[in-house]
Each structure stands twice: as structure tokens, then as C-alpha cells.
Amino acid sequence: MAAAAAAALESWQAAAPRKRRSAARRPRRREAAPRGREAAPRGREAAPRGPEAEFESDSGVVLRRIWEAEKDLFISDFWSSALETINRCLTKHLEQLKAPVGTLSDIFGNLHLDSLPEESDVATDSIPREILVTGTCHLKCVCYGIGNFATCIVARNQLTFLLLLLEKCQIPRSHCWVYDPLFSQLEIEVLNTLGVTVLSENEEGKRSIRGEPTIFYMLHCGTALYNNLLWSNWSVDALSKMVIIGNSFKGLEERLLARILQKNYPYIAKFLYLNFSAQILKGLEELEFPQTSQYMDIFNDTSVHWFPVQKLEQLSIDIWEFREEPDYQDCEDLEIIRNKREDPSATD
């Protein structure tokens, strides 16, 4: 495998990061749909259209680049530090779910890199190997807004992180659902080859976990997506079974005015402004991702969030009684691409 890796690295050079445009210069609307990324500093540019995009026209090339990015990420200090952060959170989360001790050992013990395809695997489009967990607590994963990984190195690194995370948590790739309205047909083909499940419909983050412990991986997504996700799981039972890896909720509090959060994103605001003296984020625990120079622009403003059931049960019953579906009719900068079938403001 070492010889194959050396040959691959000699033949294929990873694309250099493109300089991102400022939020002011980024177009506010795509044809037939609003833009779907968070404002600076967390926004992700749309897929570039130039020599690189033309070059990335073969699924084998894209798979090879993912493989190379995965190798680099796996040996980085950032990955080991981020894994430790996620480990701390998931260990508490699984204990909360009363998972057997053996299951925790299965998930976080004896973990190793085993999902990188050999050069021959890439050439034949075969699915990389993976190890499935045999414990009784099976986690699922949902990924929103990964971006155009075939042409954007930031999105590609975020995808490789997801693939490593699935392996470390021993989540079968078939139990990981992925969606981005910007995916090209090539990227859908690559994701199918990797073995993850590509959603065919824009859920706008309105996915109920239906009682199944779930990790949501949604880096640099619009605030409305997180708000929709909380609304769809607005109960002690559901929230206590969720982990969200994405934009820092504390960062949202720092960047957005309280009145904007409370008006446009009420379900996020409930955790940020609970009217308890000196007890901000009472029902939520957040651990920030480590920051390293190599991956600063890729995983900036990212945290792991989970909801301790003991804290949720202490919240006022009035908080849970409000269950109105968000509509965002008066939201000027929504930051997500709506499902056109449900969005009356979308134009053909």
C-alpha cells in the first residue's frame, strides 16, 4: 500500500485552496434558488468553474483525491485532537443512552485506519473496506451541506473527515445519509461508490431522528438549517439522542443580535436565551474543535454539541409547548437553499 500511495502522490497533486470571495461579493441568489451558505467567515464558495472543474470530470480522479486527503488528515495533529474532542462528547452521550460498557469499548477501542482504497480500488470504483460495530447501541449519521467536494478542497477535506468519523464510530456507511442541493451528478456517483446514502430530496434540515441516536454533521451550514433540525426534534427524548457537529452555537450568540435570533431562529434562541441568570446554554453542552494552521479555514468555528437529558428535564415546560414550524417569511438573509416545492417565493 505504501508503494501505491507513493505512486499516487507522485501522479496526482492535491489542488491548492482557492482564495474565497468576501460575503459582499458573493452572489445572493443562484438562478431559481437563494444561495445556501452561511455569511463570512463561515461561508463556502460555490464550485469553481475553470480548468480544475474540467479536470475533475472522472470519478476515479475524485476518489483518488479523496484518498490522498484522507491520508493527510489521518496523520495530522488536528485529526487526533478533534477525535479526542468527539470521543469525550460521544462517551458522555452514550452513557446518557445507558449504552453497555462493552459497547463504548467496541466503539472507541482498537480503532485504526482501514477505509483508504488501494490504487486498484479507485480504478475499479470498488467500495473501500469498513468495519461494522457489533454492539447494541447503533449510531446513525446525517450530513448536510458538505459542498462541491469534486472541485473544492475545503469541501473535500470535510468529506474525508466524515469518512474517518464513520469508521472511528463504526457507523456503516449505508447508515449515513448525505445531502447538498449543489451536488453534481459526478459527486452523487462518487458518494454512491463510497457507500453512503445520498438523499434525493431537500429536507431543509427537517429530519426527525425517530428515536434513533444520530450524529448530525453539518459544517458551515446556514443558521436556518440548525433551527429546522431542532424544531423537528423538539422534545427531551429526541434532543438527548442527538449530537451536532457544526457551527458553534456560542459563536451564533456572539455574531447575531438577540432580537434576530429570537425572531428568525427561535429554537436556537431558546438555548441561548433561557432567562436563567448567568446560565446561558443551560440545556446544551458544547466542545470546540481544536484549531491548527493546516486546517484553520476548513474547520473554523466548529463545535460538537450534545444535550444532557438531566439539563433538558430542568427546563420549563413552557419551552417545550411551543412547536410552531419555522417559515422565515420575514428573514432577509436566509442562508439556505429552500425546497422549491415548498417555498412559494422560489422562482422557476
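Colleague: Let's start with E203. Is E203 buried, exposed or partly exposed?

Modeller: E203 counts as partly exposed, because its relative accessibility is 22%. The cut-offs are under 20% relative accessible area for buried and over 50% for exposed, with partly exposed in between, using a 1.4 Å probe and protein chains only. Keep in mind that this is a predicted model, where local features need pLDDT of at least 70, side-chain atom pairs count only at pLDDT 80 or more, and totals for chains, interfaces and linings use all residues. Residues are numbered from 1 along each chain as its sequence is written, and side-chain values use heavy atoms, with hydrogens and water left out.

Colleague: OK. Which side chain does E203 meet in a salt bridge?

Modeller: That of R207, at 2.9 Å from N to O. A salt bridge here is a side-chain nitrogen of Lys or Arg within 4 Å of a carboxyl oxygen of Asp or Glu.

Colleague: And what ring does the charged end of R207 sit over?

Modeller: The ring of W177, 5.5 Å from its centre. To count, NZ of Lys or CZ of Arg must be within 6 Å of the ring centre and within 35 degrees of the ring normal. K71 also lies over a ring face, that of W67, at 4.6 Å from the ring centre.

Colleague: Switching to aromatics: how many pairs?

Modeller: The count comes to 15. Rings of Phe, Tyr and Trp (its six-membered ring) pair if their centres lie within 6.5 Å; planes under 30 degrees apart are stacked, over 60 edge-to-face, and the rest tilted. F78 and F299 are a stacked pair, because their centres are 4.8 Å apart and their planes are at 25°.

Colleague: Where do F78 and F299 lie?

Modeller: F78 is in helix α4 (residues 77-96) and F299 in the loop between β8 (285-288) and β9 (302-306), so the pair ties together parts 221 residues apart in sequence. Helices (H or I, at least four residues) and strands (E, at least two) are DSSP runs, numbered from the N terminus. Both F78 and F299 are buried.

Colleague: Which rings join them in a cluster?

Modeller: W79, F161, Y217, F289 and Y295, linked with F78 and F299 through ring pairs.
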